[in-house]
Amino acid sequence: MRERALDMPRDRSIGTCAPNPAVDPAIDRLLEAMPKAELHLHLDGSLRIGTALELARSRGVDAPTTWRGMYQALVAPMPCRDQAELLRAFDLPIALMQDAEALERITAELVESKAAEGVRYVEIRWGPLLHVARGMSLAEGIEAVMHGAEVAAARTNTVVRLICTALRSHDPDGNVRLAETASRFRARGLTGWDLAGDEAAFPDPSLHARSFAAARAGGLRITAHAGEWGGAAQIRRALQVDPERIAHGPGAADDPALMAELIARGVCLDLCPTSNAQSGSVASISAHPVAWLHRAGVPVTLSTDDTTVSDISLTDEYGRALRAIGMTLAELWAIDRFALDVAFADEATLAPLRVEFDAWAAGIPELAPAAG
Ligand SMILES: [Zn+2]
């Protein structure tokens with residue numbers, strides 16, 4: 001496996017990564033119909049504009065009062081100057097998400113939006129410690145998100161799992177308590193633990209090693225954000241906390257030895273090309289290395305990161321992977337299907353989804369080579 005990555009040509013233009021803007025529009029309908037799995041999606045980056053307007057009005061939060069103004073406040077620039085500017089797009093959503101009713105509603109609406117675009121399995125993550133500024137307890141906040149997810153999952157027949165995100169900037173002891181509280185919700189579908197936030201200011205994930213240990217002891221599965229700033233070196237740092245998956249990490253493509261290590265350890269990169277271009281961790285969407293990494297054998301999945309901050313659906317992101325990045329439909333399908341192999345859910349949950357995904361693909365001639 002190691003040699004496979006090291007033998008890849010360093011010039012990423014070699015191979016078949018050429019952008020293909022002339023993809024048949026019929027393919028968009030196919031992408032909409034494709035059953036999809038999304039593993040990297042933030043609740044606070046995915047508010048509906050209309051909901052944000054209503055919450056700002058009803059909660060007395062200082063915010064734009066027009067649709068256009070709210071859109072401009074919630075959608076981050078493309079590109080941002082850096083990750084820190086991208087993160088500022090979360091300030092207003094977090095101010096609007098300080099009570100149980102708001103959290104429950106926003107979660108339910110996100111599940112419904114995902115169901116409407118054919119996402120059959122979704123992992124939604126959020127940082128519960130960001131939502132206690134007005135006195136809500138950690139457990140109340142988690143319960144609200146859990147309940148919103150449960151109600152919408154039942155209504156839409158979508159499978160939802162939740163990931164608790166700790167912030168790099170938060171006190172390590174507080175993150176240990178967060179891990180202990182989150183673990184109590186595992187049986188109801190809070191199955192993952194994550195670390196996110198400003199990498200330039202807080203580059204060392206091992207500061208939070210005790211919370212990773214507490215999450216693991218509580219039965220949560222481990223992921224961590226890395227490489228939105230700092231490239232391959234930050235991805236190596238994230239490996240110190242032994243994650244099953246890494247959120248982002250496109251910079252691995254610059255480091256063949258790191259690619260080999262990801263392959264050998266089976267660590268998956270949950271990539272988000274549009275968001276990665278916004279944060280400046282790649283030069284542009286078309287320069288994103290998702291195709292390169294996939295063809296080299298590095299485990300990858302494809303997600304939006306933030307539906308609203310990046311103003312994109314997963315179907316849009318798949319379309320960009322075809323048109324701007326030059327992936328093939330069969331490659332996209334393989335990546336989508338692979339997400340079910342690294343999802344933070346048990347086999348009893350995933351087995352029927354695999355059957356459903358495979359049954360759909362069996363009826364699509366274009367996917368016959370990938371379906372075997
Ligand atoms: Zn993320």
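**Figure 1. Packing of helix α3 in the predicted model.** The buried residues of α3 pack against α4 (67–74), α6 (91–96) and α7 (100–116) in this predicted model. Helix α3 spans residues 49–59, and its buried residues are A52, L53 and L55. The residue that follows α3 is G60, with a positive phi near 65 degrees.

Figure 2. L110 lies in helix α7. This residue counts as buried because 27 C-beta neighbours fall inside 10 Å, where 20 or more are required. When neighbours within four places in sequence are left aside, L110 is in contact with L43, S46 and I124. The view also includes A152, which is 42 residues from L110 in sequence, while the two C-alpha atoms are 8.7 Å apart.

**Figure 3. The open sheet of parallel strands.** The sheet is open and is formed by 8 strands with parallel pairing, in the order β1-β2-β3-β4-β5-β6-β7-β8. Strands β1 (36–42) and β8 (300–302) stand at the edges; each has a single partner strand, so one side of each lacks a neighbour in the sheet. From one strand to the next, the twist averages 25 degrees.

**Figure 4. Pairing of β3 with β4.** Strand β3 (residues 159–167) pairs with strand β4 (residues 190–196) in the parallel sense, over 6 bridges. L167 stands opposite A196 in β4.

**Figure 5. Contact between helices α9 and α10.** Helix α9 (residues 172–183) packs with helix α10 (residues 209–217) at an angle of about 10 degrees, and their axes are 8 Å apart. The two helices are therefore roughly parallel. On the α9 side the contact is made by P172, N175, V176, L178, A179, E180 and S183, and on the α10 side by R210, S211, A214 and A215. The residues of this contact comprise 6 nonpolar, 3 polar and 2 charged.

**Figure 6. Placement of α9 and α10 across the sheet strands.** Helix α9 lies across β3 and β4 and runs at about 165 degrees to β3. Helix α10 lies across β3, β4 and β5 (221–226), running at about 150 degrees to β5.

**Figure 7. Backbone features at P79 and H248.** The peptide bond that leads from M78 to P79 is cis, with omega near -5 degrees. P79 is placed in the loop between α4 and α5 (83–88). H248 has a positive phi, near 80 degrees, although the residue is other than glycine. It is found in strand β6 (residues 245–248). H248 is buried, since 30 other C-beta atoms lie within 10 Å.

Figure 8. D311 is placed in the loop between β8 and α15. Its phi is near 50 degrees, a positive value in a residue other than glycine. With 17 C-beta neighbours inside 10 Å, D311 counts as partly exposed. Helix α15 (residues 314–323) is mostly covered, 7 of its 10 residues being buried. These buried residues are L314, T315, E317, Y318, R320, A321 and L322.

**Figure 9. A334 in helix α16.** A334 has its place in helix α16 (residues 329–342). The residue counts as partly exposed, as 18 C-beta neighbours fall inside 10 Å. Between A334 and I312 there are 21 Å from C-alpha to C-alpha, and the two are 22 residues apart in sequence.

**Figure 10. Confidence along the chain.** The protein averages a pLDDT of 93, and 93% of the residues score at least 70. Over residues 1–17 the pLDDT stays under 50, and for this stretch the model has 27 contacts beyond four places in sequence. Where pLDDT is low, predicted coordinates should not be read in detail.

Terms used: Residues are numbered from 1 along each chain as its sequence is written. This is a predicted model: local features need pLDDT of at least 70, side-chain atom pairs count only at pLDDT 80 or more; totals for chains, interfaces and linings use all residues. Axes are lines fitted to C-alpha atoms, for helices over the stretch in contact, and angles run from 0 to 180 degrees between N-to-C directions. Helices (H or I, at least four residues) and strands (E, at least two) are DSSP runs, numbered from the N terminus. Angles under 35 degrees count as roughly parallel, over 145 as roughly antiparallel, 65 to 115 as roughly perpendicular and the rest as oblique. Two residues are in contact if their C-beta atoms, placed from the backbone, lie within 7 Å. Ala, Val, Leu, Ile, Met, Phe, Trp, Tyr, Cys and Pro count as nonpolar, Asp, Glu, Lys and Arg as charged, and the others, Gly among them, as polar. pLDDT is the predictor's confidence in each residue, from 0 to 100. Two strands pair if DSSP finds at least two bridges between them. A residue is buried if 20 or more other C-beta atoms lie within 10 Å of its own, exposed if 12 or fewer, and partly exposed in between; C-beta atoms are placed from the backbone.
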